[in-house]
Amino acid sequence: MKTAPRPLHLHEDRLFPADAAQRAIARRLYAEVARLPIVSPHGHTDPGWWAGDACFANATELLLVPDHYVFRMLYSQGIDLDALGLPRADGSRAEVDPREAWRLFARNFHLFRGTPSSLWLNHVFHEVFGLRLRLDAGSADHYYDAITDALQTDAFRPRALFDRFGIEVIATTEGPLDPLAHHQAIRDSGWNGRVVTAYRPDEVVDPEHEAFSGALERFGAITGEDVHDWDGYLRAHRQRRAFFKSMGATSTDHGHETALTANLSRAEAKALFAKILQGRFSAQEAALFRGQVLTEMAAMSLDDGLVMQLHPGCLRNHNPRLFARYGRNVGADLPLRTDYVHALKPLLDRFGNEPDFRLVLFTLDESTYARELAPMAGHYPCLFLGPAWWFHDSVEGMWRFREQTLSAAGFYNTVGFNDDTRAFLSIPARHDVARRVDCAVLSRLVAEHRIDEDEAVEVARDLAYRLPKQAYRL
Amino acid sequence: MKTAPRPLHLHEDRLFPADAAQRAIARRLYAEVARLPIVSPHGHTDPGWWAGDACFANATELLLVPDHYVFRMLYSQGIDLDALGLPRADGSRAEVDPREAWRLFARNFHLFRGTPSSLWLNHVFHEVFGLRLRLDAGSADHYYDAITDALQTDAFRPRALFDRFGIEVIATTEGPLDPLAHHQAIRDSGWNGRVVTAYRPDEVVDPEHEAFSGALERFGAITGEDVHDWDGYLRAHRQRRAFFKSMGATSTDHGHETALTANLSRAEAKALFAKILQGRFSAQEAALFRGQVLTEMAAMSLDDGLVMQLHPGCLRNHNPRLFARYGRNVGADLPLRTDYVHALKPLLDRFGNEPDFRLVLFTLDESTYARELAPMAGHYPCLFLGPAWWFHDSVEGMWRFREQTLSAAGFYNTVGFNDDTRAFLSIPARHDVARRVDCAVLSRLVAEHRIDEDEAVEVARDLAYRLPKQAYRL
Amino acid sequence: MKTAPRPLHLHEDRLFPADAAQRAIARRLYAEVARLPIVSPHGHTDPGWWAGDACFANATELLLVPDHYVFRMLYSQGIDLDALGLPRADGSRAEVDPREAWRLFARNFHLFRGTPSSLWLNHVFHEVFGLRLRLDAGSADHYYDAITDALQTDAFRPRALFDRFGIEVIATTEGPLDPLAHHQAIRDSGWNGRVVTAYRPDEVVDPEHEAFSGALERFGAITGEDVHDWDGYLRAHRQRRAFFKSMGATSTDHGHETALTANLSRAEAKALFAKILQGRFSAQEAALFRGQVLTEMAAMSLDDGLVMQLHPGCLRNHNPRLFARYGRNVGADLPLRTDYVHALKPLLDRFGNEPDFRLVLFTLDESTYARELAPMAGHYPCLFLGPAWWFHDSVEGMWRFREQTLSAAGFYNTVGFNDDTRAFLSIPARHDVARRVDCAVLSRLVAEHRIDEDEAVEVARDLAYRLPKQAYRL
């Protein structure tokens, strides 16, 4: 359905409460944080962008194909992923004109009404590319051309955008087998952008990962450790963590199906590892192994100071047909009900009271905010709450996070915002949304006379800038 | 306690946000949808009303005795169900003057303050019966007489009300043994109201249903199939589905204690069915059987195009004393914590990616909105989210539904409103509440500059009218 | 960081909605309830305060050391409990200058921004002690001196404060072994303050309580019953309940890890009790025993009229290091996911329909409000919902409680507010917060034209005063 062109606005008061008194407060708070540098302590951007500083290809390749928020919504309405040109697991790819894929996306952009994707994308369109018409069937080609043309210019190369976005530091995420060549190349280039890595060892930690045994072999080869021995396996981790730390890492990250941790004796752990290596293990044993490795990671964090992040509660690859065709990360990962109180106890029994250990917890199960996570973070010195994550990284999700963690954890057991994205261009948009929502939350507290405005200013600045730096030791 | 008579208002801005700017937007949006025809794709009205078009008896019989929302609240405050004249399981009924029952209700009407029942009932009182005093002890007789008198007039016969309410189509719900005589009579009568059925086979699907074995016998008799053979049993379903479809059905409905589905081989299914028929099965086997039938129903839906609805997560008849005395549906059904991500996987593994299959999911466990249902509906092409259901069919419940499903599922993986009621007179009230709440939700998005008002108008119209028709293939 | 002194305000409109129209309504409603007497039907104040009427020692001893909300937050940010002077399990105590502890607290008072502790404490500072500067590093000594000096005056003795606070009745909580000497002394003193006890038998009910076997011995000694026989054990309970009732008790209270109840035959119960006494029981058997005792307590309540309270869903002493050093109740108790629908069925099967039995349910799992508790309380005559509890006793928590229980339970299956505190001075603050939030909730209903203002006034008064008296038979 073609419609008359509609203007695209980014209203200066967007996401602030409608009430005039409250909005005025939110505006004043936001003025204090809007221009603070971006600290991005956890995300999935490609360090190769800044190493090579090559131009991005076109609108579709940059904004559509890599964004699982976008293509999962399109797929949910019956749009074939091949029609969007998604790369398949076998390396092939449907022959799709990227302009046609963009048109398909544009025709269906109404599906995103009210979702975070529309907020982020409209911000990118308006602020990064200067577009002033709303995306729809009628403006699709205009968009495609304007974006694709801009991307061929120097001002839209990765390093130029990094500077333009005001990024003070960004963390990428790499597996233990990664030689970190891009990070080395960034360093060698003399460019002054700060891009650090983070240690994410899931593929050598999860025996049920399809790449586990191959990854383990390479883990041994790369470290020169006997990774078939429990002690050698742990030494290999220590070695790679040290290497990652030397490349700027200040954190590790762990994506497990549950938050289970374990506290086995060395003998039990050795025996379990032997079973794992033989490939004759139950699902429970695999979970126990992952849980024991988490506790070992905590022990290593206490030594090397890397901040530990746990992202649990996701059932990966729920849709076997899509997994077979397109592989991982195509939008069929689903949240699970998650327990923390029991699951983390073994780890906390050992390290919960250590003042120098730091564990940042995330969840996809919002029912745990008020019931488990906030009470735990409001007690254990080592625990901090990461921001609303993934499916909950929305305006409503951020409000719920604050409203459900504030009373038991306060603001100061949280770590500020993570954009957690591979969609580089959306990073300013995401931080802007987070800052606006935090200011909106604070404006309510001020308007209801629960805190004074000078306190709210301090909290707003802490959430936007100071806490992420401090929590991640950046 | 007698009090001075109080006026009954239905404020034109009811349920809209208090903030003036937001309220003005809500008002404009509502003006676009207030008069749209009612599409009621799922409910429990009695088709006999429109077949016979007889007068309703009196205020108590029409508004009190059949409304489990009403009598459960009265019961919770110590009021005996016999005092309300509820029919008992043995067919008897306490001898109660309906006027006395009404007075009892009126004296306790304050119990409903803030509940959806008070919204619905006050709407009925004001709009359908033109009452202008609030219901209380003092106005009880005035109410009883005014309503009962009106009901004797032609303007209050079922068909006249159907027309007056602006109902474009309404679906009733019948079991597979129902001969659909009322639906046939409606057709034969030449009346142009559109009343369709829906196929709800629980009594021949749930081996733990107290009527199961008798129902199964009649299922065989009515279809002429050997329903003691798995293949014959499935053929019987196909036959009745075809008959229901010929009587206008566009959907099936399934009320199970969990959302469990199964994907057994034909041999396994046959063996399980044999055990079920012998009556020697565990609770797990009964659940597995129900789950396998759900998957078979999905297969049939793919063939005959009937939209499948799943209403899981209710523990029926929690109160054995009440069940013994009054039978089913007397308000002692209780929500259960419900899993979808694991439970639906067997069915979705088979049919999740089929573009022509459609499964509408409901829940009584709101913690699944953001955690499971919205992420699933925002991925699987076949999945759609039904509206806030039963205990959650309230102003707050509808807000929570939107706020917790919007970010991952958007508006367009939902199906608009279901009134899901046997309280015929409340149908306009219920749709009005739903439209007002959706407009209020949208007014917030507009006021916070998250969508433009022209987009909100389109969404409001889609939710009120287009989506239910499209989702249910009406 | 020293800052310029900042004024401390208690704004008269605090906690009311920002919207002017809604705020005006809230203000009018609050004016109707602000001065009503305090009814405190459940809490943990020390009856010795009113028996002895001695002066409180100093600011730190009164406001910091006993307040687990306060010291858990400080501990979560790495502050040692010894530095606050907390008593240890072995009876010792770090030698800490209470003024230094107070300064440490003051320096970290920003941690409480937005939490209920800051609301309560600022209310106490402003209203009880007349302080007009905000607490921070700069005002710490001023606070310490002002509070400590005031506490030495007669106007700040416990009985004087009781009168000043407008307390009509307060319930303390005692174990069955308590001789209730303080309550007797209060009676004997001729003072007219009403302080009643409540029967909390956990230590003789929970076989996994570290004090169980010793407590059981004393239970036998104090009652003269053979408490090693099931029937004698029950008689001992009946005897102590009668004694508690004679000392003013109108309720019992039960703090269990789950809400499990049981309905064993007498023979089964006897056999289980024998196993418990031998100390050879599984965790399941211990839980079953606790569940059976709950059902026995219900039977006794039906006889003696004591209102039964159930506070389930807390995992006590999660942090073994802190438990070893400081004992119980040092802030390492954590909420658990809690089931009610299945767990309470055995008890409800027996007593759920008894019009004279009354069970007040609490939860630490907010996901049960709308899913289980409200639907249950909106059906069973015996069930009432206690207010938002402990970790959820916050502004947001109270809003969620109302918004998630209103539609299925209404206002009249709830019991008004419990302060549930041992922090005596905060009692007016806590009731004030609860009244303000209830008025704010009601103001929204009025502003959205869902109830009339005269109805809201009646509900506000009922919640603040009438319902707690009625529900607790006070």
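Me: What area is buried between chain A and chain B?

Reply: About 4,000 Å², and carbon and sulfur atoms give 51% of that. Buried area here is the accessible area (1.4 Å probe) that two parts lose on being put together, summed over both. Keep in mind that this is a predicted model, where local features need pLDDT of at least 70 and side-chain atom pairs count only at pLDDT 80 or more, while totals for chains, interfaces and linings use all residues. Residues are numbered from 1 along each chain as its sequence is written, chains are lettered from A and ligands numbered from 1 in the order in which they are written, and side-chain values use heavy atoms, with hydrogens and water left out.

Me: How many residues does the contact take from chain A and from chain B?

Reply: 50 residues from chain A and 46 residues from chain B, with contact meaning heavy atoms within 4.5 Å. On the chain A side, A:Arg113, A:His318 and A:Arg337 lose the most area to chain B, together 18% of what that side buries.

Me: How many salt bridges between chain A and chain B?

Reply: The count is 8. A salt bridge needs a side-chain nitrogen of Lys or Arg within 4 Å of a carboxyl oxygen of Asp or Glu. A:Arg113 makes a salt bridge with B:Glu458, at 3.4 Å from N to O.

Me: And how many residue pairs in polar contact?

Reply: 27 between chain A and chain B, both residues at pLDDT 80 or more. A polar contact is a pair of N or O atoms within 3.5 Å; within protein, one must be able to donate a hydrogen and the other to accept it, and residues adjacent in sequence count only if both atoms are side-chain atoms. The elements of chain A that each supply at least two residues to this side include helix H1 (20-33), helix H6 (116-128) and helix H18 (395-409). Helices (H or I, at least four residues) and strands (E, at least two) are DSSP runs, numbered from the N terminus.

Me: OK, over to chain C. How many residues of chain A are in contact with it?

Reply: 46 residues of chain A, and they meet 51 residues of chain C. The area buried between chain A and chain C is about 4,000 Å², with 51% from carbon and sulfur atoms. A:Arg371, A:His379 and A:Arg450 supply 18% of the area that chain A buries there, more than any other three residues.

Me: Which salt bridge does A:Glu455 form?

Reply: One with C:Arg134, at 3.9 Å from N to O. The count between chain A and chain C is 8 salt bridges, plus 25 residue pairs in polar contact, both at pLDDT 80 or more. Helix H17 of chain A gives the most to this side of chain A, with 7 residues.

Me: Changing topic: what domains does the assignment give for chain A?

Reply: Domain 1 covers 20-56 + 157-471 and domain 2 covers 57-156; the bounds come from an automatic or database domain assignment. Their centres, taken over C-alpha atoms, are 27 Å apart. The contact takes 33 residues from domain 1 of chain A and 31 residues from domain 2 of chain A.

Me: How much area is buried between domain 1 and domain 2 of chain A?

Reply: About 2,700 Å², of which carbon and sulfur atoms give 60%. A:Phe56, A:Tyr326 and A:Leu425 supply 26% of what domain 1 of chain A buries against domain 2, more than any other three residues. The rule finds 2 salt bridges across this interface. A:Asp154 and A:Arg157 also form a salt bridge, with the closest N and O atoms 2.8 Å apart.

Me: Now the sheet in chain C. What's the strand order?

Reply: E4-E5-E8-E9, an open sheet of 4 strands with parallel pairing. Two strands pair if DSSP finds at least two bridges between them.

Me: Why is one side of E4 and of E9 in chain C left without a neighbour?

Reply: Strand E4 (251-254) and strand E9 (383-385) of chain C stand at the edges and each has a single partner strand, so one side of each has no neighbour in the sheet. The twist averages 25° from one strand to the next; axes are lines fitted to C-alpha atoms, for helices over the stretch in contact, and angles run from 0 to 180 degrees between N-to-C directions.

Me: Which helix packs on the sheet, touching E4 and E5 of chain C?

Reply: Helix H13 (residues 283-304) of chain C, whose direction makes about 155° with that of E5(C). Helix H16 (residues 367-377) of chain C lies across E8 and E9 of chain C, at about 130° to E9(C).
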